[in-house]
Amino acid sequence: MLVSAKEMLNKARDGHYAVGQFNINNLEWTKSILQTAEELRAPVILGVSEGAGKYMCGFDTVVGMVNGMLKGLNITVPVALHLDHGTFEGAKACINAGFSSIMFDGSHYPIEENLKLTTALVNTCDILGISLEAEVGAIGGEEDGVVGMGECADPAECKMIADLGVTMLAAGIGNIHGKYPANWPGLRFDVLENIKATVGDMPLVLHGGTGIPEDMIKKAISLGVAKINVNTECQLSFSAATRKYIEEGKDLVGKGFDPRKVLAPGCEAIKATVREKMEIFGCIGKA
Ligand SMILES: [Zn+2]
């Protein structure tokens, strides 16, 4: 059964590790992530952007697929199904479809509007036992066609949103979605420390987990980050493994064209990426 992310994140905060959010795009992605989490006894959050939800034929299909896999794969570790960077309408749709966790991203609105819309979701999520992530300070890079500038969140605004009673808070600290440019100056730990000091116990979320050096990830966890989002890195490892299979001509040998064979190296690559991230995040054996 899907669970809210609340308990797993509070445990992570108290235990000084982070839970990984790995975004899913299809059956192979979902299966690979769930199998790795189960094997490593790690709690896990499956992230779904609105674009990926649409690609997978809508949120009902996603919920049906994930619930089917929890049963079919005998998954016993805690799993949250989470809307990533949701609009207000998308959040409502996912709540109705059976998601166990929601991110409402109001970071591109003026703070008053972000407060108003986040407030409207807090009570509903509370009643239904759904965890709710809010965002302050747009995170850089591109997410479903929306390009943020990588600003740093204002700690006072973080406090206002946190005090609404959300479960976890994503705050821009110089992190970027997608690949990091060579001249990226790194995470702003001074900003993270200020935010943490202002919001207190609230588990913090680090978006754009791809390509942040391991020492920075560990430092961020020590400063209160309890959830780290990984999306691009699985895409890169999947496509590299798939390209290798085709370039080596393996699809031309025997029944190598069987889609289950063509996609197998990519699945193994996703598993390796998820395992590597879970080792860094410290969540292995925490289920
Ligand atoms: Zn994000």
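# Chatting through a closed barrel

Reader: Hi! Which strands make up the barrel, and how do they pair?

Author: Eight strands form a closed barrel in the order S1-S2-S3-S4-S5-S8-S9-S10, with parallel pairing. Strands here are DSSP runs of E with at least two residues, helices are runs of H or I with at least four, and both are numbered from the N terminus. Two strands pair if DSSP finds at least two bridges between them. On average, neighbouring strands of this sheet are turned by 25° against each other, direction ignored.

Reader: Thanks! What should I know about the model and the numbering?

Author: This is a predicted model, where local features need pLDDT of at least 70 and side-chain atom pairs count only at pLDDT 80 or more, while totals for chains, interfaces and linings use all residues. Residues are numbered from 1 along each chain as its sequence is written.

Reader: Which strands does helix H1 touch?

Author: H1 (residues 6-15) packs on the sheet and touches S1 (19-23), S3 (79-86), S5 (131-136), S8 (168-171) and S10. Its direction makes about 120° with that of S10. Axes are lines fitted to C-alpha atoms, for helices over the stretch in contact, and angles run from 0 to 180 degrees between N-to-C directions. Contact between two residues means that their C-beta atoms, placed from the backbone, lie within 7 Å.

Reader: Let's zoom in on S4. Which way do its residues point?

Author: In S4 (residues 101-104), Ser-101 and Met-103 point one way, Ile-102 and Phe-104 the other, and all are buried. Buried means 20 or more other C-beta atoms within 10 Å of the residue's own, exposed means 12 or fewer, and partly exposed is in between, with C-beta atoms placed from the backbone. In a regular strand, side chains alternate between the two faces of the sheet.

Reader: And how many bridges join S4 to S5?

Author: Four bridges join S4 to S5, and the two run parallel. Phe-104 stands opposite Ala-134 in S5. On the S3 side, three bridges link S3 to S4, again running parallel, and Leu-83 has Ile-102 as its bridge partner.

Reader: Nice. What kind of unit do S3, H5 and S4 make?

Author: A right-handed β-α-β unit, with H5 covering residues 88-97. S4, H6 (residues 111-128) and S5 make a right-handed one too. Right-handed means that, with the strands pointing away from the viewer, the path from the first strand over the helix to the second runs clockwise.

Reader: Switching to the core: which residues touch the most other members?

Author: In the largest nonpolar core, with 77 residues, they are Ala-18, Ile-33, Leu-46, Ile-102 and Leu-169. Helix H12 (residues 264-281) gives the most to this core, with seven residues. A nonpolar core is a set of buried Ala, Val, Leu, Ile, Met, Phe, Trp, Tyr and Cys residues joined through C-beta atoms within 7 Å.

Reader: What follows H2?

Author: Arg-41, whose phi is positive, near 55°. Arg-41 lies in the loop between H2 and S2 and counts as partly exposed because it has 14 C-beta neighbours inside 10 Å.

Reader: Last one: why does Asn-74 count as exposed?

Author: Asn-74 is exposed because 8 other C-beta atoms lie within 10 Å. Asn-74 sits in the loop between H4 and S3, with a positive phi of about 50° although it is not a glycine.
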